[in-house]
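Work through the exercises below with the model open. Try each task before reading its solution.

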Amino acid sequence: MLSRTADHLFWMARYTERAENTARMLDVRVQYSLMPQSAQAEQQGWRTMLGVSELVQQFDAKYDALTQKNVIDFMVRDPDNPSSIVSCLRAARENARAVRGNLSTEVWETENTTWLTLQQHLASRLYETNPGQFLEWVKYRSHMSRGVTLGTMFQDEALNFIRLGTFLERADNTARILDVKFRFLDSDTVQAGAQGEFYYLAALLRSVSAFEAYRKVYRDAITPPRVAALLILHQKMPRSLVACMAGVVANLRDVRNDLSGETERLAEELYAMLQGAAIEDILEEGLHQFMTRFLASVDALGNGIGRDFLIPVAPPLEEEAPLQTQTQSQTQTGSQTQTQTR
């Protein structure tokens, strides 16, 4: 497969997954804001959500006040925010358009319809009048894209690169959520008492569709160590770090080439580390320290995939500039793209 084609497929999947992750975080934050809490706690909650994507400074530079309306505007429709839902779905659609011949008709039509319908929702300002409905729609369209991809795509390298993008982006997002949310949980801004902790942990679980899974696994009180264990080490939890890395390893094996040995070794080491880890040891080291190491490894893994399979990092040619609109991944890979899109 041509490296340019692999690059488009990989980043189409990453941007689709990122749009869903943004919608998940916003949806949970909107619901949590309806609960009784101090003005300070509510404001800190919105700042924490921005911190997951490392967007606090960019937001502060553009908006005078940290309010729900401003954050939703920034995370939904701001074209200057590369992690906004609009930016992500535009980039996903443009990457899909560039490789229509490698996608099934159903996959392309799903991506294209999502983008066209998004314009209607923006024009009607649904994200302001009914943010819950809008964010559920974003999640639904991501589910549809993933389901149509798995149900209609030929199971060759094209599907492998799509799945690689999905799993790598999901691992990065779950790690960021855990890191930031647990640091916030340890602060004195969370409502005091067991009830406040329950609502906060429940919101964290719902942000990764893990609330029902938690009840199925543990059946009783929601505690921080168990939440961390479920989202880091549980093989059957789709958004856990270990499940994501299992997907990365499996798809890397299917697309391996003469250059990818080191990247494959890094992925397998990271997967083996998670398989052999105990939540007690992780918490003793410090969740933040563990997540910092994990995110650095994921960043290195993204660099390796970009180096071994995708388009080499190079300045875009003058005549190619129009083709690069809103798809930074077409000329940049690995941590450079990640830095610009976080």
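**Exercise 1: Arg-170**

Arg-170 lies in helix H9. Helices (H or I, at least four residues) and strands (E, at least two) are DSSP runs, numbered from the N terminus. The model is predicted: local features need pLDDT of at least 70, side-chain atom pairs count only at pLDDT 80 or more, and totals for chains, interfaces and linings use all residues. Residues are numbered from 1 along each chain as its sequence is written, and side-chain values use heavy atoms, with hydrogens and water left out.

Task: decide whether Arg-170 is buried or exposed, then list what Arg-170 touches.

Step 1. Take the cut-offs: buried means under 20% relative accessible area, exposed over 50%, partly exposed in between (1.4 Å probe, protein chains only).
Step 2. Arg-170 has a relative accessible area of 7%, so the residue is buried.
Step 3. Look for contacts, meaning heavy atoms within 4.5 Å. Leaving out residues up to four places away in sequence, Arg-170 touches Glu-17, Arg-146, Pro-238, Arg-239 and Cys-244.

**Exercise 2: Met-12 and Ala-300**

Task: classify Met-12 and Ala-300 by accessibility, and find a C-alpha separation for Met-12 and for Ala-300.

Step 1. Met-12 is found in helix H1. Its relative accessibility is 2%, so Met-12 counts as buried.
Step 2. Met-12 touches Ala-92, Asn-95, Ala-96, Leu-103, Glu-111 and Ile-162, not counting residues up to four places away in sequence.
Step 3. Ala-98 is 86 residues from Met-12 along the chain, and their C-alpha atoms are separated by 9.9 Å.
Step 4. Ala-300 belongs to helix H16 (residues 287-309). At 34% relative accessible area, Ala-300 is partly exposed.
Step 5. Thr-263 is 37 residues from Ala-300 along the chain, with 8.5 Å between the C-alpha atoms.

**Exercise 3: Two helix pairs**

Task: how do H1 and H4 pack, and how do H11 and H12 pack?

Step 1. Set the rules. Axes are lines fitted to C-alpha atoms, for helices over the stretch in contact, and angles run from 0 to 180 degrees between N-to-C directions. Angles under 35 degrees count as roughly parallel, over 145 as roughly antiparallel, 65 to 115 as roughly perpendicular and the rest as oblique.
Step 2. H1 and helix H4 (residues 68-76) pack at about 170 degrees, with their axes 11 Å apart. H1 is therefore roughly antiparallel to H4.
Step 3. H1 brings Thr-22, Leu-26, Val-30 and Ser-33 to the contact, and H4 brings Gln-68, Val-71, Ile-72, Met-75 and Val-76. By class, these are six nonpolar, three polar and no charged. (Ala, Val, Leu, Ile, Met, Phe, Trp, Tyr, Cys and Pro count as nonpolar, Asp, Glu, Lys and Arg as charged, and the others, Gly among them, as polar.)
Step 4. Helix H11 (residues 211-218) meets helix H12 (residues 224-233) at about 110 degrees, with axes 11 Å apart. The two are therefore roughly perpendicular to each other.
Step 5. Tyr-214, Val-217 and Tyr-218 of H11 make the contact with Arg-226, Val-227, Ala-229 and Leu-230 of H12.

**Exercise 4: The whole chain**

Task: how many helices and strands are there, and what share of the chain is buried?

Step 1. The chain has 17 helices and zero strands.
Step 2. Of its 342 residues, 57% are buried.
Step 3. Take contacts between residues at least 6 apart in sequence: 66% join residues at least 24 apart.
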